[in-house]
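Dear colleague,

Please find below the structure that I am handing over to you, followed by a short account of what was found in it.

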Amino acid sequence: MFHSTRLSLLCWARGWALPLFACFCSHFMLWLAHAPNDCPEAAYVFLLPVLIWFYFRPSFRKVAVCALLTGWMHQVALVGWMRHVSPGGMLITTFLLSLYQLPWFLLARAWIEPFDRGGFRARLLVIVGLSCFWVAIDWLRSSFTLGFPWCPLSVTQWERPVVLQTARYAGGWSIAFFLVFFNLCIGSYAHHLLIRRRKNQGFFNRSFCPELYLGILLLLLMTAPFFLSYTQPKSPSNDQVVKIGVCQPYLTEKWESGRAVMHKETLRRQTEFLSLLRPDLILWPEASTPYALNLDRAWVEQLSKKIGIPLLVGSVIQEDEASYNSMVYVDPQKGMNPEWYAKQILVPFGEYVPFPFSLLPGLRKLVGPVGNFSPGNDSVAMELPVRKDDSTAAVRAGLLICYEDIFPSLSRNAVAKGARFLIVSTNDAWFGEEGCAEQHAAHSVLRAVESGVPVVRCSNSGWSGWIDGRGFKREVLLDRSGSVYFQGASVLDLVLPAAYEQTVGLGDRFAVTCFILFLLIFLYDRFFSGLSSQLANRAS
């Protein structure tokens, strides 16, 4: 009986425990690479555990089960802060996100055969094809109505500007391509050391692994723009400095009755404090006013007139039967500007229920409180007045609300309209203090590098500060313990380079190219019978 139980446990461990452990290790390292963890280098090797497991040819069923289960665990660990709003919605969202990546693991398992038995050409096609496929998946999950491109692979490097600079030309997709490519090259080198060189004859085949040098070459190409920029001649500095006051009021439970007076007092106190430092503009975070601004505007207009400084207010606007999540400019003399920016991409199941899910009875109870907002229809480059040499000049700013900065196209549209910097107004206080703010800020770093212009963030609870056009965090609001989660206010000295260069790069063209290239490699393997069998025979 004892031996039978022991054999059963050993069989289970061999059949499921080790596969689950391999998938868990890969997803655990991927989780470590993301904010708020401080280990972005884990993204360079996170695929090695599953690649080693795939070498033993597990069944596709086992790959699907293990990858889906551990992928779901990874997503829960990554965005588990959603449970503060809706535990049911968090579980549904994380499961759907884990489904996106599942095809990659299945294809990697299918292509392990030509990778193992084929020659260099076969291995290179596999490496390029799988790298392109990862980029395509990250791009596709940002392209649908219910797209939620939160924490793609590229944002793991948000604190490593040295490897981010190619995003200015090819978007953040180039970072994801590089990381997967590098992972696979390291995996191929390990395979060379342990397997291939024992089979190959001759000094060259035994000692040389071209994939390793391709991975190193790509790393050099990724870092080259960062170092080359320092070799360019510098002109005398005529940079423009814009002083922006940022309110971080940490308002919670804003919609409860009886709290409106307290929230107004917090905003008033922080605004008057900032006015003593004479900023050019004062920002309030997303949906900061207790009531719709156009229906309760007098106190905000009086406050702006009293301090003599314009306000850019995150607030709800109600017109007829529609509500808009908006950013509104309030002038000290003219009051509320009748033209305002309305959020274009609403949060599904948070600000609206998309069709056909709106037909399901009881859905609102499952996903938690849901608003009924209408989307805006255009990007805005708003003219904001700044002081310059005892006069007033105007500078254009692109406006983004909440999680709109995770969609690269919105930033590109604002920059294409002449925005010299971007403003992100957000309210992350819904989600506690478990990493949402840092993860959100990581996307702003990518948008700054892609567009080549600074990004100013004003959050209800944190992360507030600004990022320059090279991806460096220049000023961040922190409390005495070094936390971004606190109630406070500060004036940021935003530097607008005189010799700035607005860029939209290739936009999504790099991602589309990766998608097309992946399809070509996939079709070549599928219909030209040849990738695994022909090249394996040629190698032998």
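Two strands count as paired if DSSP finds at least two bridges between them; strands (E, at least two residues) and helices (H or I, at least four) are DSSP runs numbered from the N terminus. This is a predicted model, in which local features need pLDDT of at least 70 and side-chain atom pairs count only at pLDDT 80 or more, while totals for chains, interfaces and linings use all residues. Residues are numbered from 1 along each chain as its sequence is written, and side-chain values use heavy atoms, with hydrogens and water left out.

Strand β4 covers residues 322–331. A hairpin with 3 residues between the strands links β4 to β5, and the two pair antiparallel over 2 bridges, with D331 partnered by G335. Strand β3 (residues 311–319) is antiparallel to β4 and joined to it by 9 bridges; in their hairpin, D320 has a positive phi near 55 degrees. Strand β6 is also antiparallel to β4, through 2 bridges, and M327 has Y341 as its bridge partner.

In β4, 10 of 10 residues are buried (under 20% relative accessible area, 1.4 Å probe, protein chains only). Both faces are covered, with Y324 and V328 among the residues on one side and M327 and Y329 among those on the other.

M327 is also in contact (heavy atoms within 4.5 Å) with I423, whose other partners beyond four places in sequence include L283, L312 and V456.

Yours sincerely

Conventions:
Buried < 20%, exposed > 50% of the residue type's maximum accessible area, 1.4 Å probe, protein only.
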